[in-house]
Structure formats: C-alpha cells, structure tokens
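Please find below a colleague's note on the model under review.

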Amino acid sequence: MWRRCLVTLGLWLTVGALSLWSLRRTFHQLADYFTWAAVKYGLAFNRPAAIGLGLCVGLTVSLLLKESRFLLFGLTDKERKMLERSIQKRRRHSGRAR
C-alpha cells in the first residue's frame, strides 16, 4: 500500500503540478467568469493537462477506494496468504544474517 501512496504522491508532484501549471490561463479566466462551460472548454482545449489531471485524480480515487475496502472488510484470503509468505521469507532471511 505504501508503494501506491508514494507513486500517487510522485505523480501529483510531477504530472499534476505540470498539468495545473499549463492551465494557469484558464484559472485566470475562471476567476473572473466561473461557469462549467468554461471549465469544460478549458480542459477540452488543453488535452495534455486534462489527461494528466485525469490520471492523477483516477489514481487517487483508486487508492482511496482500495484503502476504504481494506478498512471496512480487511484483507482478502489471497492478500493474507501473500502477507504470510512475505513474513516467512523475511524471517528466513533475517535468520541467515545472524
């Protein structure tokens, strides 16, 4: 889960920041005249920024849904088995180091 959080954070810091920066003119126009049509056309005429923001928002929503599912329902059987294998593997490796 930590890897997904770090990837999401890294994506927001790179792609998200660049996308928001490229939309700065649109934000100035929206500050004067905010309409949903202006938001739509601002994103429609700046396709790379819209794709970048969509990617960031999509990954963030995915992360939040996965975390919510984990908090509400716990680990699935498959995830529990993978966690047990990982713990056993780490115990074997730490035993050799001593």
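1. Basis of the note. The model is predicted, so local features require pLDDT of at least 70 and side-chain atom pairs count only at pLDDT 80 or more, whereas totals for chains, interfaces and linings use all residues. Residues are numbered from 1 along each chain as its sequence is written, and side-chain values use heavy atoms, with hydrogens and water left out.

2. Salt bridges in total. Side chains of opposite charge can pair when their charged atoms come close. A salt bridge here is a side-chain nitrogen of Lys or Arg within 4 Å of a carboxyl oxygen of Asp or Glu.

3. Helices are DSSP runs (H or I, at least four residues), numbered from the N terminus. As for accessibility, buried means under 20% relative accessible area, exposed over 50%, and partly exposed in between (1.4 Å probe, protein chains only). E79 is partly exposed because its relative accessible area is 22%, and K66 is likewise partly exposed at 28%.

4. The pair R69 and E79. A salt bridge also joins R69 to E79, with 3.1 Å between the closest N and O atoms. This pair too connects distant parts of the chain, from R69 in helix α4 to E79 in helix α5, 10 residues apart. R69 has a relative accessible area of 27% and therefore counts as partly exposed.

5. The pair R80 and D77. These side chains meet in a salt bridge at 3.8 Å, N to O. R80 and D77 are three residues apart in helix α5, so about one helical turn separates them. R80 is partly exposed at 38% relative accessible area, while D77 counts as exposed at 55%. Through salt bridges that share partners, K66, R69 and E79 are joined into one network.

6. The loop residue N46. Is N46 buried or exposed? N46 is buried, because its relative accessible area is 18%. Its place is in the loop between α3 (36-44) and α4. A polar atom of the N46 side chain lies 3.1 Å from the backbone oxygen of S22. Leaving aside residues up to four places away in sequence, N46 touches S22 and L23; contact means heavy atoms within 4.5 Å.

7. Nonpolar surface patch. W12, L20, F27, V57, V61 and L65 form a nonpolar patch on the surface, together having about 520 Å² of accessible area. Patch residues have over 30% relative accessible area and no salt bridge, and nonpolar side chains (Val, Leu, Ile, Met, Phe, Trp, Tyr) are joined within 5 Å. The areas come from the Shrake-Rupley method with a 1.4 Å probe, and for residues only the protein chains shown count as cover. Helices α1 (2-22) and α4 each supply at least two residues, and α4 gives the most, with three. V61 lies in helix α4 and is partly exposed, because its relative accessibility is 42%.

8. The exposed residue I51. I51 is placed in helix α4 (residues 47-73). Its relative accessibility is 55%, so I51 counts as exposed. The C-alpha atoms of I51 and L18 are separated by 11 Å, the two residues being 33 residues apart along the chain.

Key. Polar contact = N/O pair within 3.5 Å; in protein donor to acceptor, adjacent residues only side chain to side chain. Patch = residues over 30% accessible without salt bridge, like charges linked within 9 Å, V, L, I, M, F, W, Y side chains within 5 Å.
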